[in-house]
Amino acid sequence: MSALDGRTAIVTGASRGIGRGIAERLARDGALVAVHYGSNEAAGRETVKIIEEAGGRAFAFRAELEAPDAVDTFYAALDAGLAEQGAGPGFDILVNNAAASGSGRIHQLTTEVFDRLFAINVKAPLFLIQRGLDRLADGGRIVNISSAATRHAFPNSVTYAMTKGAVDTMTLALAQELGPRGITVNTVAPGYVATDMNARRRATPEASAALAAHSVFNRIGTPADVADVVGFLVSDDARWVTGQYVDATGGSWL
Ligand code: NAP
């Protein structure tokens with residue numbers, strides 16, 4: 001029997017990058033994985049294909065998280081997908097991973113970008129949790145993907161860093177709130193991971209080497225490096241860990 005047999009896990013932004021890695025890991029551990037994506041349907045389907053070819057169970061569903069009705073759209077699409085799988089509306093694990101980046105430095109910032117990043121990175125996860133609370137099983141798991149940018153100065157992307165600071169604060173408050181139900185709430189903070197989000201920053205071998213040099217292991221992280229930490233936090237072994245900010249940066253900025 002696998003660690004997550006019989007559990008249902010939702011992973012937002014699972015069509016690409018770290019989210020795909022998390023979806024693959026949780027499916028490998030036995031969960032039925034709801035693979036959320038925003039607009040890239042082909043990538044969402046690809047995640048499902050990878051999981052199914054490895055013997056796991058998954059389905060993809062779409063919800064643009066910047067939209068005012070994002071939470072309604074999200075749960076309607078999720079319900080349709082769960083029903084197709086013959087599963088009920090309940091779930092055991094929610095991983096808030098989807099996010100947008102690219103806010104720029106303070107002098108480049110616009111109110112439009114500020115509103116967009118806070119809508120996708122802060123408002124969406126908060127209200128997805130709120131709406132999901134009566135479906136999330138007692139003893140369930142919430143993992144929020146933050147960033148090392150909340151613990152180290154990151155003026156290149158000041159608003160993005162601020163959104164992740166809000167995620168860290170949300171984790172702490174909700175861990176206290178949901179403790180009586182046996183639900184754990186934790187943050188996982190990656191450093192540089194090779195995904196589309198920072199592809200431009202890895203455009204040359206020199207630029208890649210500079211990013212890699214932040215880690216004591218002198219390499220850029222992989223989605224699996226982060227996914228394996230999430231895999232632990234959602235397992236029964238992590239039942240006594242809640243409200244924590246878990247650094248998954250490969251020892252960057254030590
Ligand atoms: P990514 O490769 O850019 O993928 C982003 C994912 O989020 C995609 O699945 C995308 O869906 C979804 N998404 C983005 N905007 C959305 C929106 N408006 N509505 C709905 N879905 C949306 O990102 P990543 O690098 O894997 O990052 C994953 C998480 O790790 C994020 O929380 C990020 O802040 C954090 N993180 C990443 C790094 C890094 O170095 N990569 C470092 C620190 C923290 P579509 O495919 O449909 O567009």
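Which residues form one aromatic cluster? In this predicted model, the cluster is made up of Phe59, Phe61, Phe74 and Tyr75. The count of aromatic pairs comes to 5. Phe61 belongs to strand β3 (residues 57-62) and Phe74 to helix α3 (residues 70-84), so the pair ties together parts that lie 13 residues apart in sequence. Both partners are tucked away: Phe61 is buried at a relative accessible area of 3%, and Phe74 is buried at 0%.

Another aromatic pair, Tyr192 and Trp253, is tilted, with 5.8 Å from centre to centre and 50 degrees between the planes. This pair links distant parts of the chain, 61 residues apart: Tyr192 sits in the loop between β6 and α6 (205-212), and Trp253 in the segment after β7. Tyr192 counts as buried at 14% relative accessibility, whereas Trp253, at 32%, is partly exposed.

Helix α7 (residues 223-233) comes next. Its buried residues are Pro223, Val226, Ala227, Val230, Gly231 and Leu233. Viewed down the helix axis, they fall within an arc of 160 degrees, so they line one face of α7. Their packing partners are α1 (17-28), β4 (91-96), β5 (136-145), β6 (184-190) and β7 (245-248).

Finally, the ligand has 31 residues around it, of which Ser15, Ser39, Asn97, Tyr160 and Thr195 come nearest. An oxygen atom of the ligand lies 2.7 Å from a backbone N or O atom of Asn97, and a ligand nitrogen atom is 2.9 Å from a polar backbone atom of Leu65. Taken alone, the ligand exposes 910 Å², and the protein buries 93% of that.

Methods:
Residues numbered from 1 in each chain as written. Predicted model: local features only at pLDDT ≥ 70, side-chain atom pairs only at ≥ 80, totals over all residues. Heavy atoms only, no water. Buried < 20%, exposed > 50% of the residue type's maximum accessible area, 1.4 Å probe, protein only. Helix = DSSP H or I, 4+ residues; strand = E, 2+ residues; numbered from the N terminus. Arc of directions from axis to C-beta. Contact = heavy atoms within 4.5 Å. Near = heavy atom within 4 Å. Polar contact = N/O pair within 3.5 Å; in protein donor to acceptor, adjacent residues only side chain to side chain. Areas by Shrake-Rupley, 256 points an atom, 1.4 Å probe, with all protein chains shown as cover. Phe/Tyr/Trp six-rings, centres within 6.5 Å; stacked < 30°, edge-to-face > 60°.
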